[in-house]
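Hi everyone, thanks for coming along. Please bring the picture up on the screen, and then I'll walk you through a few spots in it.

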Amino acid sequence: MSERKPLMVGNWKMNASHLEAIQMVQKLAYRLETEDYQRAEVVVAPAFTALRSVQLTIEQDHMLIGLAAQDCHWEESGAFTGEVSAPMLAKLACRYVIVGHSERRRMFGETDEIVNKKARAVLANGMSPIICVGETLEEREAGDAEQVVTSQVKAAMSRLDQPGEVVVAYEPVWAIGTGRNALPDDAGLMAEIIRDKIREAHGSDVADRVRILYGGSVNPGNIKDFMAKKHIDGALVGGASLDPDQFAAIVRYWR
Ligand code: PEP
């Protein structure tokens with residue numbers, strides 16, 4: 001079984017101007033030490049308008065923090081007013097692109113098919129997609145959570161050239177931004193189910209390599225319980241990642 005390095009991703013969503021984003025990444029780097037980066041890969045996902053500034057800050061200050069974008073279009077270029085393509089993000093030294101976040105599925109009509117097209121575009125440009133999946137409260141209460149999540153994983157990962165490069169973020173919709181996190185046991189079980197599904201579709205090498213994150217009201221007080229689960233390899237953090245003190249404490253959960 002391959003060693004999976006924990007991955008902590010701060011999703012800043014539609015927050016922070018480029019000036020504020022520079023300060024946030026500087027404060028985060030100031031709080032982290034070499035050992036933190038040895039133990040976990042640390043990534044921030046600012047808004048598109050802040051990517052270049054954060055990229056330059058990271059490079060100039062030789063920070064070990066990685067960069068992610070929050071979305072992309074699946075076409076390389078063309079008449080898609082307002083959209084940003086994967087090659088554009090690759091040029092900004094993004095390592096990751098979040099695709100299929102539940103806010104995009106819910107508010108912007110992103111389907112499994114669109115998520116799959118975006119994941120393929122991200123991989124084709126040498127980056128890794130962070131594919132978000134998760135059930136709504138109604139689906140969980142109806143006993144459909146497992147079926148919903150596994151079918152999202154299957155659809156998002158179909159016909160990928162490098163499925164082993166993917167990151168999957170299990171984010172129950174009802175836990176995002178609500179302060180109501182999933183029970184670590186439930187999240188751990190869902191991560192195991194996701195890995196089994198990946199094993200079935202793509203084989204053991206891929207399944208053992210793919211990192212599965214938990215997301216949904218992660219904070220410094222609950223991260224340790226999630227990270228104790230065998231199949232959870234990190235976290236996708238929204239609200240708490242806007243505060244460098246809190247995000248640093250999440251990264252350093254093992255201390
Ligand atoms: C997210 O946006 O992916 C998320 C998990 O948000 P929060 O941590 O605020 O629940």
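Let me start with a word we'll need: contact means heavy atoms within 4.5 Å. Also, please keep in mind that this is a predicted model.

With that word in hand, find Arg-105, which lies in helix H5, residues 102-107. Is Arg-105 buried or exposed? Buried means under 20% relative accessible area. Arg-105 has a relative accessible area of 15%, so it is buried. And what is Arg-105 in contact with, leaving aside its neighbours within four places in sequence? The list is Gly-100, Glu-110, Asp-112, Val-115, Cys-132, Val-133 and Gln-152. For a sense of distance, take Arg-105 and Val-167: 62 residues separate them in sequence, and from C-alpha to C-alpha they are 18 Å apart in space.

Now let's look at the ligand. Its surroundings are made up of 14 residues, and the closest are Lys-13, Glu-171, Gly-177, Ser-217 and Gly-239. What kinds of residues form this shell? Four are nonpolar, eight are polar and two are charged.

Let's zoom in on some oxygen atoms of the ligand. His-101 has a polar side-chain atom 2.9 Å from a ligand oxygen. For Glu-171, a polar side-chain atom sits 2.7 Å from an oxygen atom of the ligand. With Gly-177 it is a polar backbone atom, and the distance to a ligand oxygen is 2.6 Å. On its own, the ligand would expose 300 Å², and the protein buries 96% of that.

Next, please follow me to helix H12, residues 244-251. Which of its residues are buried? They are Pro-244, Phe-247, Ala-248, Ile-250 and Val-251. If you look down the axis of H12, these buried residues fall within an arc of 155°, so they line one face of the helix. Here is a handy rule for reading such a pattern: an α-helix has 3.6 residues a turn, so residues three or four places apart point the same way.

What covers that buried face? Among the elements over the buried residues of H12 are strand S1 (7-11), helix H1 (18-31), helix H2 (34-39) and strand S2 (41-45). Helix H11 (223-227) and strand S8 (234-237) are included as well. At the N-terminal end, H12 is capped by Asp-243, with a side-chain oxygen 2.8 Å from the backbone nitrogen of Asp-245.

In helix H3, residues 48-60, you'll find Ser-53. Ser-53 counts as buried because its relative accessibility is 15%. The residues in contact with Ser-53 are His-18 and Ile-22.

Ser-128 belongs to strand S5, residues 128-133. With 11% relative accessibility, Ser-128 also counts as buried. Its contacts are Arg-95, Tyr-96, Val-97, Val-122 and Glu-165.

Conventions
Residues numbered from 1 in each chain as written. Predicted model: local features only at pLDDT ≥ 70, side-chain atom pairs only at ≥ 80, totals over all residues. Heavy atoms only, no water. Near = heavy atom within 4 Å. Polar contact = N/O pair within 3.5 Å; in protein donor to acceptor, adjacent residues only side chain to side chain. Areas by Shrake-Rupley, 256 points an atom, 1.4 Å probe, with all protein chains shown as cover. Nonpolar A, V, L, I, M, F, W, Y, C, P; charged D, E, K, R; others polar. Buried < 20%, exposed > 50% of the residue type's maximum accessible area, 1.4 Å probe, protein only. Helix = DSSP H or I, 4+ residues; strand = E, 2+ residues; numbered from the N terminus. Arc of directions from axis to C-beta.
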